[in-house]
Every structure is written in C-alpha cells, then in structure tokens.
Amino acid sequence: MHLTLWTYEGPPHVGAMRVATGMEGLHYVLHAPQGDTYADLLFTMIERLEKRPPVTYTTFQAKDLGADTAEIYKSATRDAYNRFRPEAMLVGASCTAELIQDDPGGLAKALELPVPIVPLELPAYQKKENWGAAETFYRLVRTLTANKALAPGESRPHRPAGSAPRCNILGPTALGFRHRDDVTEVAGLLESLGIGIVAVAPRGSRPADIVALPEADFNVVLYPEVAETTARWMERAFGQAYTKTIPIGVSATVEFVREVAALAGVDPSACLEKLPSRMPWYARSVDSNYLTGKRVFVFGDATHALAAARVCRQEIGFEVVGLGTYSREFARPVRDAAKDYGVEALIADDYLEVEAAIAEARPELVLGTQMERHIAKRLGIACAVISAPVHVEDFPARYSPQMGFEGANVLFDTWVHPLMMGLEEHLLGMFREDFEFNDDVAPSHLSSLAGSHRAALPGDDAHSQTGNGASRALDTAGPDIAWTSEAENELRKIPFFVRGKARRNTERYAADRGMAAIEIETLYDAKAHYGR
C-alpha cells in the first residue's frame, strides 16, 4: 500500500457495500471503527440514493480495544437482525477492524439467527473494491444456491419444449457507472429476442431472487469485474453458459445479440434487421470526417477501457495512443488489446503515473475516470468520463446508458462533443482569407456598412466613427499600444467569438506593465495570467 491523495478503488468492504446496497432484504454488519462510516456518503451524496446503505457498523472506539470487541460485534449483529429482519445477512470487517481478528463470521453464526449468514473474508491490504464486490457476490450466490448444484456427471435438464428461454443478468451494483440504465437497455434487447429474465443481480434483487438464479438457461455478464467469478462457478455448478461479449458500441452490441441468440436458440434477424442507432451514420457523415485520426488516450476499469478503445478505432476512427486500467486482475486482456493498437498498456493505480503517461502521449481527447477528468483539465485536453470512479454529475437524472444501441448514441455524443470546437476552428481557418469572410469584411447582417466598416487593426483610433455612427473599433487595440504583425497574425487564429476578449485582456496586461508593443510572447503571457 502507499499513501495517495486520490484512489481509483476503495477497500474491499466498499465493494461488499455496493452489493448489499444494490439489493433489498439483505443487511451487512460491518465490524468497523467510527471513522469508517464515511462510506455511506458514496451512496447518498454521489449516487444520490433516497436511503442510506443497509449497513450496521459496530463503531467501536479506542477505549473499547482493551475490552471485549467480540461482544460488541455480537450485540450489533443481534440488534441489526431484530431491527431490520433481513432475509440474509453479510458479516465482515473493515480494513481497520481486520487487524483485531475478531472473526465476524464465527461470531455471527454462534448467534444462531434464523436467516442465512454469509461470512466475508476480504483482505483489505491485498485486494480492493471491485475484487471485494466480486467476492461478496460469489459468496452470496454460493451460500444461497449450493444445495441446487448438479451432482458430478449430471447434465443440466433440457428446457421443456415450447417454453421461452430465460436468463439472468449479472453484475450491476449500487454505485456502478450507468448500471441502472445499462440494465434497462440490455433487458430491452433480451425482450426483443423473446428471452425472459429470471433475475437481475445483485442490483435490484432480493435473496429469494438469488436462490432462483439456477432456474435460468444461461447468464448474461455485463460487468466481469463483479460477475465473472460467479458466472464461472455457476457454469460448473449448474451447467449455465455465460456471455463473453460486452455490448458497448454498435458492433459489440450486434455480436452480443448474436451470442445471446445462439445460447437461447432463437433467431436474431428481427432484432438486427434495422439497427436503432444513429452512431454508424454519424460516424460516416461529413461532419464527423474531421474527427478521423484524432488521438485518444483511454483509461478506466478493464471492461469500459477495452470497449471504449474498440469503439474509438473501429466505429469513430480515432487513433488510440494510450490504453490502460487500474484493474490489475484484468491486466492480461488489456495488455493483449494494447498490442493490437501498437501501444504499451498502462497497468497502474497511481494517478500521478497516469498523468505522466497522458502528458507524454499528447492526446487530443482523454476517455477516463473522474481522475482523468481533472488531469485533462490541468493539461488543457478535452475529456469524457467512461468509467468509475465518477462524481455526482455521472449519475444523471436522464436516461443515459453506455450499453446497447442507444448507449452507442450516448457514447458518440459524449465523446465527440468535446472535440466539436476543433471542427469550428477548422472552418474558421478554411475561410479566414476568403474575400467574403475575412476579418476585414463587415458582418453580413451589417451590409449597409459595406465599404466603410472593417474590424479595427492595431493603430486605429479607438474612438473614430464611421459616417453611419457605428464604431470602427469592435475589438481594437488601445492607441498607445502597438501590435507586431506576428502577434496580430497569432491573434487571428483565435476563434472570433473569444478574440475580442483575448485582445482586451492582452492589452490590459501590456498596459499594466508599461509595454509599448505587444508581441507573441505577450499574448501567451496574458493568457497564462488570466487563466489562473
């Protein structure tokens, strides 16, 4: 472990909280000191949930360490059951309480409560949040369904003739990046194929739904960081195959539909006959041609980083100049993908290392987490968020999935809009010297001033007027400060809608310092001064 200001993942007990908070009828008793209750704010302040997480903290204090902390945990567990009456309970310790070694699992089982107890052993000093979520989900599913596992050599019974295929959707949790809307989008795709859904878990499910998971014919894994461990066990225990394709982007969604259709034994042609996404046409359109070849750096959890890189290159035409993840458990597929893009994968959970890699790659767009948003802002690079960790603005009230055909529309809008300024600058540059549109020509809506109106140049009298009473000095320099021709040419490269402000700021900066002339260096010094 190392000290850091920012971290991509919390400790593993936060992952367990994401599973518990996403479910109903489940309660988590966490052996933790008072300070560890900060995690509640992640859900109530960041995700803006209407209720606090279903977690009871023992909140022991320093003075309790010399007493019986085990009895504190037993009392908290007993009180939590009596108050909330959950259908099942998770029990475990936070990273701080782990050092006490009170064995929450053994203590809770000794109480002989009339509900399933799922003990969690989450090594806080070796593992992190996503692993904690995956381990919690796996332990929960295994505890509640193990009695339904197939015997050695036993085959899964065939689906009755005439019955519709059914599946589970695995992986969404509380505090997940767009998980709420992804589930809605994917459920709609499955419905269009005539596939029923037994359960969506853990988010939106109850312990009774977990018990019913073996009834499905196969599993749809949306977030491997959370659900792949469970899906692999269910494949061995119940003979349920699971999907490998993550439906982010149009081509991946098409592959996903075909994969699901093959597992369910249905025809996908009706679903794919007319792709309900505008992204393919937008990506081929004239307006988007200017985006081809834009340099992009991608970083996030492995699922979203891999999917984003694929969409960037195959569907929009960006050049991937950097690819990385903080998910060390999924480093191998990220490294393999990076080789295909001709870059070296960045596997790191140190944001300073990520910042250095972005600065070295010099991309025009960064696709990353909330941390990369801050990094890109400092470096003056366009950015869009594609992965957790995220802030409150990435839990929008509107429908905004990342997956499916509508998700592809959202991706295009979110990723391309930060670059639209570049297209505008391109058009301004294209017409800058045109006889109708150059800077010395009056705006078309002021045609009555044609021949007597032009944008003022350095040296013009700022107070001179045309015969029609219109000011000639729309963005003129002061009469006592001259602009060099090089500085004037550099100023003309600034888009027209901010050029006047840039001129005024530069002149104010020069006047305050008693400069007689404005050079290129003065222009950029003023920009740095007022940009603080």
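How many helices and strands does the secondary structure of the protein come to? There are 21 helices and 15 strands, where helices (H or I, at least four residues) and strands (E, at least two) are DSSP runs, numbered from the N terminus.

Some ground rules. This is a predicted model, in which local features need pLDDT of at least 70 and side-chain atom pairs count only at pLDDT 80 or more, while totals for chains, interfaces and linings use all residues. Residues are numbered from 1 along each chain as its sequence is written, and side-chain values use heavy atoms, with hydrogens and water left out.

Of the 532 residues in the protein, 53% are buried, meaning under 20% relative accessible area with a 1.4 Å probe, protein chains only. Taking contacts (heavy atoms within 4.5 Å) between residues at least 6 apart in sequence, 69% join residues at least 24 apart.

Next, strand S12, residues 365-368. Leu365 and Leu367 point one way, Val366 and Gly368 point the other way, and all are buried. In general, side chains in a regular strand alternate between the two faces of the sheet.

What does S12 pair with? Strands count as paired if DSSP finds at least two bridges between them. Strand S9 (residues 295-300) is parallel to S12 over 3 bridges, with Phe297 opposite Val366. Strand S13 (residues 382-385) also runs parallel to S12, joined by 4 bridges, and there Ala384 is the bridge partner of Leu367. With helix H16 (residues 370-379) included, S12 and S13 form a right-handed β-α-β unit: with the strands pointing away from the viewer, the path from the first strand over the helix to the second runs clockwise.

Elsewhere, an open sheet of 4 strands has parallel pairing in the order S6-S5-S7-S8. S6 (196-201) and S8 (241-242) are at the edges with a single partner strand each, so one side of each has no neighbour in the sheet. S7 (residues 218-221) and S8 are parallel over 2 bridges, and Asn219 stands opposite Tyr242.

Last, the cavity. On a 1 Å grid over the protein atoms alone, a cavity is a set of points where a 1.4 Å probe fits but cannot get out; lining residues have an atom within 4 Å of a point. The structure holds 1 cavity of 30 Å³ or more. Residues lining the largest cavity include His304, Gln402 and Trp415. Helix H13 (302-316) supplies the largest share of that lining, 3 residues, and helix H17 (404-416) supplies at least two.

Note on methods. Buried means under 20% relative accessible area, exposed over 50%, partly exposed in between (1.4 Å probe, protein chains only). On a 1 Å grid over the protein atoms alone, a cavity is a set of points where a 1.4 Å probe fits but cannot get out, and a pocket is an open set with protein on both sides within 12 Å along at least five of seven lines; lining residues have an atom within 4 Å of a point. Grid points are joined across faces, edges and corners, and a volume is the space filled by probe spheres set on the points.
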